[in-house]
Amino acid sequence: MPMSLADRPDDPDLYRRGVLRAGGVLVALAVARPVLADANELKAAIAAYTGGRETKPGRVTIDVARLVDNGNAVPVTVRVESPMIAADHVRAIALFNERNPERDVARFALSERSGRAVVSTRIRLATSQQLVAIATMSDGTLWSGAVDVIVTLAACIEGEG
Amino acid sequence: MARALITVPQDAKRGDVVEIRVLIAHPMETGFRVGADGRRVPRDILRRFTCRLDGEVVFAAELFPAVSANPYLAFPLRADRAGTLSFTWEGDGGFAQTETATLNVA
Amino acid sequence: MRRALASLALVLLVVLEVGAALAQQDSRRSGYDHMSPATQAMQGDDTQNPAMLFVADGESLWRQPAGPVAKSCASCHGDALTSMRGVAARYPAFDVPLARPVNLGERLNLCRVRQQKAEGWRAESPDLLALEAYVALQSRGQAITPPDDTRLTPFRARGEQRYRQRIGQLDLACAQCHDEHAGKRLGGSTIPQGHPTGYPIYRLEWQALGSLQRRMRGCYSGVRAEAPPYGAIELVELELYLASRAAGMPVESPAVRP
């Protein structure tokens, strides 16, 4: 159980650790604000898309490398469990991101003619963040899936061409 | 006319679900980038992709700046009947391009 | 009995030695090996590889007449699939009139100016890169085969010297990252050995096709050194050394790289 500042105030190491801990809390708050803001924007974008209707987590998987080679072109595949028959199929898949300049990535329209609910593309990811996919079924129900992706910058930053 | 590469499997049997792949040359300029002159490079992206089989839409996509340059799409289609596939891209600056391919079904 | 055992021991010794020699095989690795499966798939599949868009452009350019006599590459070289087979694998090569080595892009441009009497393309121009990609594709799978040409020796030697020379504010030589520390990580990336097996590459960082010279100039910037201009003899000499360093490795052009 770590000692607090009150216990041994004249111990320089503990004092230093106490100050660092307090400073750490301040830093954490400073960093947390932008992160919370992004997460809220993502929620708002999804809510705008779904019209506030209930969205159940499940049936949607996002296939993406957990650590990408380069954020400029990240291969992504979204799969939705569905029989893809006239009576029961995926009508739409929308892909959202957490930390790019804009939340939208792409929106896809499928039909029972599609046969399977799976779409692949390549996307840009500005930094490490969460991706969320929302699937709209033919009966209007909504399902979602999410994944966290780590994006690092190229090690050698080069000049123009 | 931008260069486009379209892949439609030629060996589909009736009822097979095939994967169609399309790739088109386009910078997908996001509008967020700052050029060498310090000014924002204006947005110039492809916004919409539509695939039709004999005129009927079988797949469509709305694209945003988050889609990579030289956009790639792979999507499914159940090979119920042979027909003519058309692929249309529309985008900023009045961009409009259509390519066609034949879907053969055994 | 003792004789038989001695013979057996001798055989075993030979087998072990041969095994060790085989294990000591080629430790050279293409940058392909360090890529994620998704990026590898992007390169390995011609229906997915963005570079193939530009290869298609190159194929059109191959057949396009140019210059006052309206000759195309095909006019003299016919079908690239046969005439250009293995060519890219042998570059850089010596050019007699210039009395120095030239890389594949420079050779294409020289042909354009000398034979087609057309205006040369500027370095990294989309047309030149597309044609280069199309021609390089015709060597895919072949072993990099630097020409056995003694005229190239002094240039290659200077290239190797430059490869080992510390440069820039970061005071780094190519050899330090790409020989000593290859396979280790710099930031989030694995340091490749730097073999020119896939040029021109579709580099995800550029979101475009680019040449080996572009990549090397990026390295110069990376160590905070002044990059030689495109076409500088220093760059071709480095290319020449890199090609001999990669001799025998298969051509992957057009490759995808992060």
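**Chains A, B and C, piece by piece**

Me: Reading along the sequence, what pattern does chain B follow in this predicted model?
Reply: Along the sequence, chain B goes β-β-β-β-β-β-β.

Me: How many residues does chain B have, and what share of them count as buried?
Reply: For a sense of its dimensions, the C-alpha trace of chain B spans about 55 × 20 × 20 Å along its principal axes. Take contacts in chain B between residues at least 6 apart in sequence: 55% of those join residues at least 24 apart. As for burial, chain B has 106 residues, and the share counted as buried is 34%.

Me: Which element of chain C gives the most to the side that touches chain A?
Reply: Start with the contact itself: 19 residues of chain C meet 14 residues of chain A. On the chain C side, the elements giving two or more residues are helix 2 (37–44) and helix 10 (212–222). The top contributor, with five residues, is helix 10 of chain C.

Me: And by class, how many residues on that side of chain C are nonpolar, polar and charged?
Reply: We're still on the side of chain C that touches chain A, with its 19 residues. By class, that side has seven nonpolar, nine polar and three charged residues.

Me: Which strands stand at the edges of the open three-stranded sheet in chain C, and why is one side of each left without a neighbour?
Reply: The order in this sheet of chain C is 6-5-7, with mixed pairing.

Me: In strand 6 of chain C, what is the bridge partner of C:Arg203?
Reply: Strand 5 (residues 201–203) of chain C runs antiparallel to strand 6 of chain C, and three bridges join them. Within strand 6 of chain C, the partner of C:Arg203 is C:Ala208.

Me: Leaving aside neighbours within four places in sequence, what is A:Leu95 in contact with?
Reply: Beyond its sequence neighbours, A:Leu95 is in contact with A:Val78, A:Val105, A:Ala106, A:Leu131 and A:Ala133.

Key:
Residues numbered from 1 in each chain as written. Chains lettered and ligands numbered in written order. Predicted model: local features only at pLDDT ≥ 70, side-chain atom pairs only at ≥ 80, totals over all residues. Contact = placed C-beta atoms within 7 Å. Helix = DSSP H or I, 4+ residues; strand = E, 2+ residues; numbered from the N terminus. Nonpolar A, V, L, I, M, F, W, Y, C, P; charged D, E, K, R; others polar. Pairing = 2+ DSSP bridges. Buried ≥ 20, exposed ≤ 12 C-beta atoms within 10 Å, placed from the backbone.
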